[in-house]
Amino acid sequence: MADHKYEPTKWHDLKKPVEGGRDTYQKKSWNPMKHKWGPVTKKGAAPVSFSQAGATNWTESMICKTKDLFYQTKLNECFQKDDEVAIKIHYGEWNRTAILRPEYIAAIVEEVKACGGHPYVVNDCTLSYHTFNSMAISQYQMEGAIRHGYNDATFGCPVLIADGYSGEDDYRVEIPEGLILKETYIGRAVAEADAMIVLGHARGHSITMYGGILKQLGIGCQSKRGKYMTHLAHWGDPHDAIGWPKFTDLCPGKACKFHQMCDDSCPRNAHKVLEHGKEWYPERCRLCYSCQVTCLFSGMTGIGFEDNYFPNAMIAHADAALGAMKCFETGKVGFMNFAIDVCPECDCFPWAGMPVCPDVGIYAGKDLIAVEMATLDGIDAAPISPGSVAAEKGLKPGDDKFYYINGFSPRITMAAGEKIGLGTMEYKLNNYEPVLTPENARKWQVRPTGKPTTVRLREVFAHHDMTTEVMPFNRSGWDKDWVWNEWKKYDPFKGTKPDK
Ligand code: SF4
Ligand code: SF4
């Protein structure tokens, strides 16, 4: 990319308001429950249950602890028999591995069914985000979800896209309490549910700094229209680069080897790479992030974000989360955060960076902000993983990890969320570890009430005992010296035991 002429981006100013607009769409908003909705914590600290990562026996399996916490925190009381229960998760970008393992979701589906609910797993379509995003169209997103093991065969219930083929199936929800947004758009499969269990994968995020359960509501439950709202599309003036991308003068134009990808990145033909520099039509832009992320992912610096954009987008996504909550009566939404594979970036990235800390554990409760605060405090207190961006930055346990890694503290979102009634930042942590008893060892196994596997095998062996059929086994004769000493020749430690 040497020796070429740099030219500033050629702007075509926004001349008139956008034609059409929301007055032509759903004048009547969806808020059948708004008179019943209100903060779940009336006063004082909200209870949050926590179970640490790791296990040494049957009962401590993370899956068993997931099920235990579901009942410990009374998430089973979020719904009644025959309620339609949305299980909200993130389906994860194509080629990403650091996402919630399907077993966690299956575990909750099993218990919702056991309690008489009718579960279905949901996620909304995303905006385009980058040139090769798989999640912007439901057909592509489902191909990725199936590849991740997110399907009806794994979960034992339907797996849906909440807002239709390309994200257009939604309801408008008014949020007069919002600090920035006054309305948003929620995918119908979320809005139509009687209750919802939100399973969050706690990790970083390059726009909201951190993503957990609130992100599942503030972006994950939003249809495309809702996501454009949360992105603050067309907020302010294009030159301020808040509701629009920030175009720099560092784009070399066609000398950039990614210029074709860059041209292909915009779903609205809002920009075009020129011989030197770019041409940009702000009236066509809807701030989908696709051009910025394509440029950033390719290591170029032609398009980016205005710094003040981030805290405003964080506050807007708290507003949007309120829109999702207002589709439900108070207490009909339960939350679990899995601080596992705590990578620095979102599950919508098509790769996974090194986790910033070892796995922390599972947090659960009914107060959204309290569960988020407990999760963030747990992640911040955790040790720093070697080789991670947190280690590169020299962070110490106790530092606000995502503030230092991504640029702003996630507590901005939580303070905004508290202000608009999404929950309380004050929490009381209840540490939960299951006790090893025969009953607890049995209760979450494959046949919790039936025969143990070994008893079943006893019956099978009675018909066909392969252990006796092949005897005597064909092997070398018993040689004491071989048994006690010969094997040590194959051992790099020559048979010595570890001294620590
Ligand atoms: S110009 Fe606007 S609409 Fe086009 S890719 Fe960039 S952010 Fe998206
Ligand atoms: S990727 Fe970035 S640097 Fe390359 S052409 Fe696009 S805006 Fe310019």
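The following legends describe close-up views of a predicted model.

In this predicted model, local features need pLDDT of at least 70 and side-chain atom pairs count only at pLDDT 80 or more, while totals for chains, interfaces and linings use all residues. Residues are numbered from 1 along each chain as its sequence is written, and chains are lettered from A and ligands numbered from 1 in the order in which they are written.

**View 1. The protein chain as a whole.** The secondary structure comprises 18 helices and 17 strands; helices (H or I, at least four residues) and strands (E, at least two) are DSSP runs, numbered from the N terminus. Along the principal axes, the C-alpha atoms fill a box of roughly 90 × 65 × 45 Å. Of the 500 residues, 48% count as buried; a residue is buried if 20 or more other C-beta atoms lie within 10 Å of its own, exposed if 12 or fewer, and partly exposed in between, with C-beta atoms placed from the backbone. Among contacts with a separation of 6 or more, 77% link residues 24 or more positions apart, a contact being two residues whose C-beta atoms, placed from the backbone, lie within 7 Å.

**View 2. Domain 1 and domain 2.** The protein chain is divided into domain 1 (29-231 + 309-431) and domain 2 (243-304), with bounds from an automatic or database domain assignment. Their C-alpha centres lie 30 Å apart. Seven residues of domain 1 are in contact with twelve residues of domain 2. The side of domain 1 that touches domain 2 has three nonpolar, four polar and no charged residues; here Ala, Val, Leu, Ile, Met, Phe, Trp, Tyr, Cys and Pro count as nonpolar, Asp, Glu, Lys and Arg as charged, and the others, Gly among them, as polar.

**View 3. The largest nonpolar core.** This core has 135 residues; a nonpolar core is a set of buried Ala, Val, Leu, Ile, Met, Phe, Trp, Tyr and Cys residues joined through C-beta atoms within 7 Å. Helix α10 (residues 309-325) gives the most to this core, with eleven residues. Domain 1 and domain 2 both give residues to the core, so it lies between them. Ile87, Ile105, Val121 and Val190 are among the residues with the most contacts inside it. Beyond its neighbours within four places in sequence, Ile87 is in contact with residues including Ile105, Pro119, Val121 and Leu199.

**View 4. Helix α1 and its packing.** The buried residues of α1 (residues 62-72) include Lys65 and Asp68, as well as Met62, Leu69 and Phe70. The buried residues of α1 pack against β2 (46-52), α2 (102-114), β15 (333-339) and β16 (361-365). Just after α1, Lys74 takes a positive phi of about 60°.

**View 5. The sheet β1-β13-β12.** Three strands form an open, mixed sheet in this order, where two strands pair if DSSP finds at least two bridges between them. The edge strands β1 (10-11) and β12 (271-273) each pair on one side only. β1 and β13 (residues 278-280) are parallel over two bridges, and Trp11 has Trp280 as its bridge partner in β13.

**View 6. The ligand shells.** Thirteen residues surround ligand 1, the closest being Cys266, Ala270, Cys285, Cys288 and Cys291; a residue is near a molecule or strand if its C-beta atom, placed from the backbone, lies within 6 Å of it. The shell around ligand 1 has eight nonpolar, three polar and two charged residues. Ligand 2 is surrounded by residues including Cys251, Cys256, His259, Cys262 and Cys295. Its shell has eight nonpolar, four polar and no charged residues, and α8 (259-264) and α9 (290-297) each supply at least two of the shell residues.
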